[in-house]
Amino acid sequence: GTLEIQPNVATSHHRVLDGSLMTMFYGEQNHLQQLNVSDAKTRTDPNAAEVKRNRTVSTTSSKGLVAHFDPKTGHMDTTEQSGNFIWKEDDRTAVASKATLDSDKIVLDTGARMSDASGSTRANVIHMDEHSGDFTAEGKVTSSRMPERDERRNAQMLNGDEPLNAQADRKSVV
């Protein structure tokens, strides 16, 4: 099935959700409380403000998706995708066994990895801000980054042609 979510305010997103099986659970006054989807694929279009900042379409896929909704407002509270989670936007990619989205914060759990054109980071858990791209990686963190192309931003002790490889228990990128 396919579920299309139309934005009702300018800051909301147009979303399309595809899955092989969708189950909706309703509560009092017929308000949607939970949505379960098997073989989930999502497509989220940027809102007008994000388009001005050059944001593009983001997609996800996973074996399962469970979305919880606020019974009073009908807004989605949290979404959990599990089983080979993959998120893509432009050259940015994130993968994990499980991912949770809550208020534009994504938590990648178990076998988490993020990458873009400049490098990649692996960790047990990665907390990512969906909008800014800032993240914190925790537990057995390994990271590889290509040097900045702007020579003024490169540290003098690093070879400008070699990637920087690092290992740590925790890493934050802001």
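**First stop: strand S10**

Select residues 135–145: this is strand S10, and Lys 140 sits in it. Strands here are DSSP runs of E with at least two residues, helices are H or I runs of at least four, and both are numbered from the N terminus. Before going on, note that the model is predicted, so local features need pLDDT of at least 70 and side-chain atom pairs count only at pLDDT 80 or more, while totals for chains, interfaces and linings use all residues. Residue numbers start from 1 along each chain as its sequence is written, and side-chain values use heavy atoms, with hydrogens and water left out.

Now pick Lys 140 itself. Its phi is near 50°, a positive value in a residue other than glycine. Is Lys 140 buried or exposed? It counts as exposed, because its relative accessibility is 67%. The cut-offs: buried is under 20% relative accessible area, exposed is over 50%, and partly exposed lies in between (1.4 Å probe, protein chains only).

**Next: strand S8**

Jump to residues 105–116, strand S8, and pick Thr 110. Here too phi is positive in a residue other than glycine, near 70°. Thr 110 counts as partly exposed because its relative accessibility is 46%.

**Into the core**

Which residues touch the most other members of the largest nonpolar core? Select Leu 108, Met 114 and Ile 126, out of 15 residues in that core. S6 (76–89), S7 (92–102), S8, S9 (119–129) and S10 each give two or more residues to this core, and the largest share, four residues, comes from S8. A nonpolar core means a set of buried Ala, Val, Leu, Ile, Met, Phe, Trp, Tyr and Cys residues joined through side-chain atoms within 4.5 Å.

Stay on Leu 108 and show its contacts (heavy atoms within 4.5 Å). Leaving out residues up to four places away in sequence, the residues it touches include Phe 85, Val 95, Met 114 and Ile 126. For a second, separate core of seven residues, select Leu 17, Leu 35, Val 37 and Ala 67, which are among its members.

**Zoom out**

Colour by secondary structure: the chain has one helix and eleven strands, in the order β-β-β-β-α-β-β-β-β-β-β-β. The C-alpha trace spans about 65 × 35 × 25 Å along its principal axes. Of the chain's 174 residues, 30% are buried. Among contacts between residues at least 6 apart in sequence, 34% join residues at least 24 apart.
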